[in-house]
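Q: Hi! Could you walk me through this one?

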Amino acid sequence: MGIAVCSVCRSRITMSMDDKRLLDASGGPFVCSSTCVMGWLRRHKPLRKVTEHPGIFSSAMGPANDCYSHKIGLGFRSSYELSVAEWFWEEDIGFMYEPYTFLLDTDTASYTPDYYIPDYGCFLEVKGKWHNRKKLALFRKLYPKIPLLVIPWPIRKTFQYDNKRGRIS
């Protein structure tokens, strides 16, 4: 078993080592629930224009249609991303899906966070399984002033919503 401490409420969360491996290993903040995601967002003020940062450009990612939300009218790359987007919608949080891409080196390596939250000037990444932790570490090194929160798989259920009963927690 492992312990993670929430960056917002300071709760100590006990989790299996398998779940602990799903957390952001690059030194970023950890949150334990959707409530703490809101708390993390509220700590930030909008950045200057995001596009004024060197190395950032509008995303050329094609539309994601793997998981479509009829509620929002957008497609997402995973059901977890869809759950988080519908949570934003339910909570009346404006978001942009994959709007910006950050250059990570002079070649072709780049990183596109899942969400940009304009009212708070923050980026959020929804992560189930990690395929490339090096990209996130390099992003944090090259863009230390860009606030990015990785929403880890172990807290996914706090974003699920049952239309008949409300939030599942």
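Here is a chat about the fold and its salt bridges.

A: Happy to! Keep in mind that this is a predicted model.

Q: How many helices and strands does the protein have?
A: The protein has four helices and 13 strands.

Q: And how many of the residues are buried, as a percentage?
A: Of the 169 residues, 45% are buried. The protein exposes about 9400 Å², and 50% of that comes from carbon and sulfur atoms.

Q: New topic: how many salt bridges are in the whole structure?
A: A search finds three. One of them joins Glu90 and Lys71, with the closest N and O atoms 2.8 Å apart.

Q: Where do Glu90 and Lys71 sit in the chain?
A: Glu90 is in helix H3 (residues 79–90), while Lys71 is in the loop between strand E4 (67–69) and strand E5 (74–76). The pair links distant parts of the chain, 19 residues apart.

Q: Which residue pairs with Arg77?
A: Glu98 does, through a salt bridge of 2.9 Å, N to O. Arg77 lies in the loop between E5 and H3, and Glu98 in the loop between strand E6 (96–97) and strand E7 (100–103), so the pair ties together parts 21 residues apart in sequence.

Q: Is Glu98 buried or exposed?
A: Glu98 counts as buried, because its relative accessibility is 8%, under the 20% cut-off. Arg77 is partly exposed, at 29%.

Q: What about Glu125, which partner does it have?
A: Glu125 forms a salt bridge with Lys127, with the closest N and O atoms 3.5 Å apart. Both Glu125 and Lys127 are buried.

Notes. Residues are numbered from 1 along each chain as its sequence is written. This is a predicted model: local features need pLDDT of at least 70, side-chain atom pairs count only at pLDDT 80 or more; totals for chains, interfaces and linings use all residues. Side-chain values use heavy atoms; hydrogens and water are left out. Helices (H or I, at least four residues) and strands (E, at least two) are DSSP runs, numbered from the N terminus. Buried means under 20% relative accessible area, exposed over 50%, partly exposed in between (1.4 Å probe, protein chains only). Accessible areas come from the Shrake-Rupley method with a 1.4 Å probe; for residues, only the protein chains shown count as cover. A salt bridge is a side-chain nitrogen of Lys or Arg within 4 Å of a carboxyl oxygen of Asp or Glu.
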